[in-house]
Amino acid sequence: MSLADFFTPIDLKKIAPKKGFYTSQLGDKIVHYSVDFPDLEEKTDIAIIGVMDDRNAVGNSGCSLGPDYIREKLYQLNEGGYSVKIADLGNIRAGEKVTDTYFAVKTVVAELIKKDIIPVILGGGQDLTYAQYLGYEELEQKVDLVVIDSHFDLDEDNHDGSIETTSGSYLNKIFLHDPNYLFNFSNLGYQTYFVSQDSLRVMDKLYFDVHRLGELSGNVAVTEPAIRNASMVSFDIGAIRAADAMGNANATPNGFYGEEACQLCRYAGFNDKLTSIGFYEFNPAYDSNGQTAWQLAQMIWYFIDGFYNRKRDFPLNPKSQYLIYKTSLTHEDQEVIFVKSKKSDRWWMQVPYPSAGSPNERFHLVPCSYADYKTATSGELPDLWWRTYQKLN
């Protein structure tokens, strides 16, 4: 079975302006499946895939129609100062069962990553995050997951023995998946009144990184190390305040501003480690004058812009491109080692493997911020170091 078998072509007549696209616009640059399926053997960096399934999107029926509305706006945006190599593979239609859709998404994500192509998923419900995650299963590598969401989707899951889940419970499926290949989970932008104290205790017990909206509001740059650590990202459009993204039946008054969402996406594109990203829960039935579709199109544009401006400064090769800083802790006979890239001024922290850890590596490099370095220079152990060490255990 080829990848083309999973997709239906897009109807370009519904997307393109009557006069067609200007040569500077992405609609003229992206190789799209409207007649012939794109040849992925030619150099392709990014693949756009729509997933038209909202059966398990809690309270947001209609979001399956979102992908083409996003495309219509994205194609009108101009290419940046680089030459894009992007293929739009069309839409994965809803399968006979929800699990059929999941299988298609899982297979497509895995095959694209093997080809060194980044899938950009346009959903559909956020339960598709689980299918996106399953794509990593046969790659046999640990996954660092970042979810940008106002909630923790940890509701009780009633689909025992099946890969089916819902947009309100898919995190349970990921956390309990066997075999477990999730190394780290980060939530960006949760709102405390939407989150139970029990779920916060779970996150703390598992040494996961969760950041409430108030921490990040007006200071979105602090999210960069967490996003730089991600191998996959799931973005719920409901994390953006309704005034900037009303196209969601579950939209609420507070959340990230539109420009902050664009910055988050640029950080994701800039991340050398990231291999897939999904945008979920956009419902055109609740949109006004296409504003949310524009918002998402611009977020994807910033992701693309970040990708084509990657510094490729991870891992540490060559060593001449990095500065090493060693700091001593006040109460322990121990030093914390930091690494700074000369290319991008970004920071990493070395966390040693426990004695029974990796046979091939002595330490794990975790992205961090200058603030973590300052904490260590003051003699205190950064919280990020401790949580990472516990996970390596």
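**Overall fold**

Tutor: The protein chain has 13 helices and 13 strands. Keep in mind that this is a predicted model.

Student: What radius of gyration does the protein chain have, and what would a compact globule have?
Tutor: The chain has 21 Å. A compact globule of 393 residues would have a radius near 21 Å, so the two agree.

Student: What box do the C-alpha atoms fill?
Tutor: Roughly 70 × 45 × 45 Å, along the principal axes.

Student: How much of the chain is buried?
Tutor: 58% of the 393 residues count as buried. The accessible surface is about 17600 Å², and carbon and sulfur atoms make up 47% of that.

Student: Contacts next. What share join residues at least 24 apart?
Tutor: 73%, taken among contacts between residues at least 6 apart in sequence.

Student: And charges? How many positive and negative side chains are there?
Tutor: There are 37 positive and 53 negative side chains. The centres of the two sets lie 6 Å apart.

Student: Let's go to helix 10. Where is it, and how far does it reach?
Tutor: Helix 10 covers residues 258-270. From first C-alpha to last, helix 10 reaches 19 Å, close to the expected 18 Å.

Student: Why is helix 10 called largely enclosed?
Tutor: Because 10 of its 13 residues are buried. Among them are Cys262, Leu264, Cys265, Tyr267 and Phe270.

Student: Is helix 11 mostly covered or mostly open?
Tutor: Mostly covered, with 12 of its 17 residues buried. The buried set includes Leu296, Met299, Ile300, Phe303 and Phe307.

Student: What span should helix 11 have?
Tutor: At 1.5 Å a residue, 24 Å. The end C-alpha atoms of helix 11 are 24 Å apart, which agrees.

**A glycine in strand 9**

Student: Switching topic. Where does Gly278 sit?
Tutor: In strand 9. Gly278 has 0% relative accessibility, so it counts as buried.

Student: Which residues is Gly278 in contact with?
Tutor: Setting aside neighbours within four places in sequence, Gly278 touches Ile121, Gln132, Val233, Ser234 and Phe235.

Student: How far is Gly278 from Leu128?
Tutor: Their C-alpha atoms are separated by 8.5 Å. Along the chain, Gly278 and Leu128 are 150 residues apart.

Student: Is the bond from Gly123 to Gly124 cis or trans?
Tutor: Cis, with omega near 20°. Gly124 is in the loop between strand 4 (118-122) and helix 5 (128-134).

Student: What about Asp178 and Pro179, cis or trans?
Tutor: Cis, and omega is about 5°. Pro179 lies in the loop between helix 6 (170-176) and strand 6 (182-190).

Student: What is phi at Asn289?
Tutor: Near 60°, a positive value in a residue other than glycine. Asn289 lies in the loop between strand 9 and helix 11.

Student: Is Asn289 buried or exposed?
Tutor: Exposed, because its relative accessibility is 69%.

Student: And what is phi at Asp345?
Tutor: About 65°, again positive although Asp345 is not a glycine. Asp345 is in the loop between strand 11 (335-341) and strand 12 (347-352).

Conventions
Residues are numbered from 1 along each chain as its sequence is written. This is a predicted model: local features need pLDDT of at least 70, side-chain atom pairs count only at pLDDT 80 or more; totals for chains, interfaces and linings use all residues. Side-chain values use heavy atoms; hydrogens and water are left out. Helices (H or I, at least four residues) and strands (E, at least two) are DSSP runs, numbered from the N terminus. The radius of gyration is taken over C-alpha atoms; the globule rule is 2.2 Å times the number of residues to the power 0.38. Buried means under 20% relative accessible area, exposed over 50%, partly exposed in between (1.4 Å probe, protein chains only). Contact means heavy atoms within 4.5 Å. Accessible areas come from the Shrake-Rupley method with a 1.4 Å probe; for residues, only the protein chains shown count as cover. Lys and Arg count as positive and Asp and Glu as negative; His and the chain ends are not counted. The place of a charge is taken as NZ of Lys, CZ of Arg, CG of Asp or CD of Glu. The expected span of a helix is 1.5 Å times one less than its number of residues.
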